[in-house]
Amino acid sequence: MCLGLGLSCAFFSCASKEEPVKNVIYLVGDGMGFGAVSSLLLTEDSLTGFEKGAVVGFSETCSANNHVTDSPAGGTALACGVRTSNGRIGVDINGVPLESVLVKAQKLGKKSGIVVNTTLTEATPAAFYAHVLDRSRGFEIADHFVRSAIDVAIGSGLSAFVNRPDSVDHTATLINNGYDVYLTWPDVHASKSEKFVGILPMDAVHRKNKGKVQAGAADGAEVCLAAKLAAESGLKGSDSSVVDAGKEPELYLEKAVAKALNLLHHKGKKEGFFLMIESAIIDGYGHNNDSEGMIAEMQEFDRTLQFLIKYVDKYPNTLLVVTADHETGGTCVAYNEHTPGVKDTVKLSFKTKGHTGTVVPVFAYGAGAKYFGGVMKNTDIPLRIELLMKRD
């Protein structure tokens with residue numbers, strides 16, 4: 001069957017017999033430009049995930065009204081295939097709601113998940129399920145989240161769900177909708193639920209930068225129905241055999257992805273799944289012009305990437321797409337003489353503390369990966385994923 005949306009059979013070879021795309025893993029490195037990737041390549045002695053047989057492309061990242069996108073518009077382009085004005089999430093320039101590729105996957109019968117090392121209501125993940133005119137509407141974004149029908153979500157940001165001006169306890173909303181809701185990593189780890197949301201403390205999902213300032217949004221520690229039920233059932237992260245991600249947050253993203261992937265793999269055996277992952281704190285270190293933090297964050301990103309590559313190798317009907325919503329910091333590798341054969345610390349230099357409009361990398365692995373090479377717009381990526389999911 002030839003595919004539409006303006007892409008002809010010259011792009012998707014109708015006659016080719018290829019592994020169908022049953023599962024999609026969409027990994028977004030917020031602020032991850034070529035400088036960030038270069039810092040990893042020059043730091044690691046062994047092959048990184050970026051070097052393991054990837055198809056490589058380039059993505060333009062501008063928004064509808066600026067050559068430099070912000071995260072809301074950048075996330076919307078990657079989620080919905082439409083460029084919108086900076087500040088807007090999941091809506092077009094006229095405020096009309098857009099349908100994300102995650103929602104389209106759900107309509108195809110696929111199970112769905114979101115894993116982030118920031119708040120679940122942050123701009124990039126929100127673009128996959130919410131429709132708001134401004135990223136500051138965190139309480140409204142949480143309203144959209146509890147109606148999203150996502151099967152599994154792990155991240156931070158309890159305050160948007162319970163510390164609300166309308167006094168609504170959205171952990172209760174989720175529980176009433178059939179979810180188990182967990183507030184600690186050991187409880188997430190121990191879960192055997194087929195439908196759950198983990199809303200963890202911010203310090204459990206990512207490291208602090210060297211100034212001891214979190215590179216993400218503040219979290220809440222309010223008492224809610226999820227906390228009450230956990231206390232009544234004895235769920236307090238008391239399993240000493242499980243390392244709490246809060247004690248080793250640098251391991252959080254890989255562990256959380258593994259947990260979500262295990263659920264989606266078994267629950268989505270028939271129609272497959274769509275898993276969106278955001279490594280958000282690359283952006284924070286770019287804004288802070290923190291060379292050491294950027295390199296460490298890219299090493300954490302690579303551990304998650306390598307884990308995902310192993311999954312794709314084992315299940316070749318899976319497409320893994322890796323890209324960024326924008327570049328942050330004007331990050332590049334600085335001039336630094338070193339002795340041949342002696343491993344020296346890579347030094348980065350930065351042009352700005354904000355975002356830039358430079359192109360960002362696209363890496364693809366597995367089924368359908370070849371369609372992500374070359375130069376494309378950020379909006380092309382979700383449209384190509386959609387076509388591959390629908391292809392007979």
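I started with the strands: β3 and β7 (residues 273–279) run parallel, joined by six bridges. (Strands are DSSP E runs of at least two residues, helices H or I runs of at least four, numbered from the N terminus; two strands pair if DSSP finds at least two bridges between them.) Opposite G113 I found L275 in β7.

Ground rules for my notes: this is a predicted model, where local features need pLDDT of at least 70 and side-chain atom pairs count only at pLDDT 80 or more, while totals for chains, interfaces and linings use all residues. Residues are numbered from 1 along each chain as its sequence is written, and side-chain values use heavy atoms, with hydrogens and water left out.

Back to β3, residues 111–119: eight of its nine residues are buried. (Buried is under 20% relative accessible area, exposed over 50%, partly exposed in between, with a 1.4 Å probe and protein chains only.) β3 also pairs with β4 (residues 152–156), parallel again, over four bridges. T119 has S156 as its bridge partner in β4.

Next I looked up salt bridges, meaning a side-chain nitrogen of Lys or Arg within 4 Å of a carboxyl oxygen of Asp or Glu. The whole structure has nine. I picked out K104 and E386, 3.1 Å from N to O. That pair ties helix α3 (residues 101–107) to helix α14 (residues 380–390), 282 residues apart in the chain. K104 and E386 are both buried.

I also checked R164 with D166, at 2.9 Å, N to O. R164 is buried at 8% relative accessible area, whereas D166 is partly exposed at 40%.
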